[in-house]
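Visitor: I am new to this structure. Could you show me how to read a few of its features?
Guide: Gladly. Here it is.

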Amino acid sequence: MRNGWTRRLWAEVAGIYSAILQHPFLVGLTDGRLDANAFAHYLIQDAYYLHDFARALSVVGSKAPSPADVGMFARHAVGIIDVELDLHASLLSELGVANSDAVPVAPTTRAYTSYLLATAHGGTFVDGFAAVLPCYWIYAEVGTELVKRGSPDSRYQRWIDSYAGEEYQTVVAEVLALADDVGRTLGPTEEARARAHFATTARYEWMFWDAAWRREAWPV
């Protein structure tokens, strides 16, 4: 169990995380029953998301309080492009998706990335950091939980393993350590605003998986 600010942050979203683990998309990853078309939808939308998440990290990093923190966010932005997007491209190829660019950005993807970028650009370092933190953290927790269950589908297992793996878990531990350091410096108003950003993007994490489950498209 974590201590400090991150413990308080997680308490804010414990119910959201529980709902994420119970969502049929994630249940389907581990029992192997998830429709491959829903997984492909998720991967395509997540590729769009990750491009903008990397941009958001670059902006947040540019406002970071120390050169070491600037470097950390820059490394993470590069890692998304070099590692996570490569995994997505490989899985999409296995799923027979040849031209993912032909699929439009879905409403939830657009809403989530717009919120991240607006907060990163328009807010303080703490605002932006709080907004990007759930993506790091929830994926680490999901990976840790789902790897215990495993999956009979090798494609789903590869996805699970990537977020349960030591490399990704080390990245998230680094980010959470910074969050606890930052939390000790916050006054009540700034801390409350940061918690609100954190809770909002945690909700978007649930919505993102739900949108993939529904294979969300624009209604008009």
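**Reading a predicted model**

Guide: Keep in mind that this is a predicted model. Let us start with one residue. Thr170 is found in helix H8, residues 166–183.

Visitor: Is Thr170 buried, partly exposed or exposed?
Guide: Under 20% relative accessibility is buried, and over 50% is exposed. Thr170 has 48%, so it counts as partly exposed.

Visitor: How far is Thr170 from Ala140?
Guide: There are two answers, one in sequence and one in space. Thr170 and Ala140 are 30 residues apart along the chain. Their C-alpha atoms are 9.6 Å apart.

Visitor: Now helices. At what angle do H4 and H7 pack?
Guide: Helix H4 covers residues 67–94, and helix H7 covers residues 154–164. They pack at about 175 degrees, with axes 11 Å apart. Angles over 145 degrees count as roughly antiparallel, so that is how H4 runs relative to H7.

Visitor: Which residues make the contact?
Guide: H4 gives Glu84, Leu87, His88, Ser90, Leu91 and Glu94. H7 gives Arg155, Arg158, Trp159, Ser162 and Tyr163. By type, these contact residues are four nonpolar, three polar and four charged.

Visitor: How many aromatic pairs are there?
Guide: Rings pair if their centres lie within 6.5 Å. The count is 22 aromatic pairs. One of them joins Tyr115 and Tyr204. Their ring centres are 6.1 Å apart and their planes meet at 50 degrees, so the pair is tilted.

Visitor: Where do the two tyrosines, Tyr115 and Tyr204, sit?
Guide: Tyr115 is in helix H5, residues 107–122, and Tyr204 is in helix H9, residues 188–214. The pair links distant parts of the chain, 89 residues apart. Tyr115, at 22% relative accessibility, counts as partly exposed. Tyr204, at 15%, counts as buried.

Key: Residues are numbered from 1 along each chain as its sequence is written. This is a predicted model: local features need pLDDT of at least 70, side-chain atom pairs count only at pLDDT 80 or more; totals for chains, interfaces and linings use all residues. Side-chain values use heavy atoms; hydrogens and water are left out. Axes are lines fitted to C-alpha atoms, for helices over the stretch in contact, and angles run from 0 to 180 degrees between N-to-C directions. Helices (H or I, at least four residues) and strands (E, at least two) are DSSP runs, numbered from the N terminus. Angles under 35 degrees count as roughly parallel, over 145 as roughly antiparallel, 65 to 115 as roughly perpendicular and the rest as oblique. Contact means heavy atoms within 4.5 Å. Ala, Val, Leu, Ile, Met, Phe, Trp, Tyr, Cys and Pro count as nonpolar, Asp, Glu, Lys and Arg as charged, and the others, Gly among them, as polar. Buried means under 20% relative accessible area, exposed over 50%, partly exposed in between (1.4 Å probe, protein chains only). Rings of Phe, Tyr and Trp (its six-membered ring) pair if their centres lie within 6.5 Å; planes under 30 degrees apart count as stacked, over 60 as edge-to-face and the rest as tilted.
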